[in-house]
Amino acid sequence: MIDPDIKAQLGNYRQSIDNIDAALVHMLAERFRCTKEVGVLKAKYNLPPADPAREEFQIERLRRLARDANLDPDFAEKFLNFVIKEVIRHHEQIAADLSNVK
């Protein structure tokens, strides 16, 4: 049988985790909303969907932030690389959709 105090602590941690997950989803949604607008501008002005210099800057910044927060910087980089790949894929799709409209 689980001690009621331990059960309460688990419940509190799990509630915090659920709240953090919800916040992450909303933050990612906002990030993708902004990057969609970037993709529209890039497509409209015939700019490349990827920006390696910007991506490198973002990765280094995120690695530094991860270290400062005692989070594994390799994990943070892998996560950002996933996000970047999705953003580029969306930018390519926006450009393709825009070129089909013309």
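Select glutamate 86 and arginine 89: their side chains form a salt bridge, with the closest N and O atoms 2.8 Å apart. A salt bridge here is a side-chain nitrogen of Lys or Arg within 4 Å of a carboxyl oxygen of Asp or Glu. Both residues belong to helix 3, three residues apart, which is about one turn of the helix. Helices (H or I, at least four residues) are DSSP runs, numbered from the N terminus. Glutamate 86 is partly exposed at 21% relative accessibility, and arginine 89 is partly exposed at 46%. The classes are buried (under 20% relative accessible area), exposed (over 50%) and partly exposed (in between), with a 1.4 Å probe and protein chains only.

This is a predicted model, in which local features need pLDDT of at least 70 and side-chain atom pairs count only at pLDDT 80 or more, while totals for chains, interfaces and linings use all residues. Residues are numbered from 1 along each chain as its sequence is written, and side-chain values use heavy atoms, with hydrogens and water left out.

Next, select Arg63, Asp74 and Glu77. Which salt bridges does arginine 63 form with aspartate 74 and glutamate 77? With aspartate 74, the closest N and O atoms are 3.0 Å apart. Aspartate 74 lies in helix 3 and arginine 63 in helix 2, so this pair ties together parts that are 11 residues apart in sequence. With glutamate 77, the N to O distance is 2.7 Å. Glutamate 77 also lies in helix 3, so its pairing with arginine 63 in helix 2 ties together parts that are 14 residues apart in sequence. Arginine 63 is buried, with a relative accessible area of 15%. Aspartate 74 is partly exposed at 40%, and glutamate 77 is partly exposed at 25%. The structure holds four salt bridges.

Now turn to the largest pocket and select Leu28, Arg31, Leu62, Phe79 and Leu80, which lie nearest its centre among 17 lining residues. On a 1 Å grid over the protein atoms alone, a pocket is an open set of points, where a 1.4 Å probe fits, with protein on both sides within 12 Å along at least five of seven lines; lining residues have an atom within 4 Å of a point. The volume of the largest pocket is about 520 Å³, taken as the space filled by probe spheres set on the points. Helix 1 (4-44), helix 2 (52-68) and helix 3 (73-101) each supply at least two residues of this lining, and helix 2 gives the largest share, seven residues. By class, the lining has 13 nonpolar, one polar and three charged residues. Ala, Val, Leu, Ile, Met, Phe, Trp, Tyr, Cys and Pro count as nonpolar, Asp, Glu, Lys and Arg as charged, and the others, Gly among them, as polar.

For the second largest pocket, select Lys42, Arg54, Gln58, Val87 and His91, which lie nearest the centre among 13 lining residues. The space in this pocket is about 210 Å³. Five nonpolar, three polar and five charged residues make up its lining.

Finally, select Leu10, which lies in helix 1 and is partly exposed at 34% relative accessible area.
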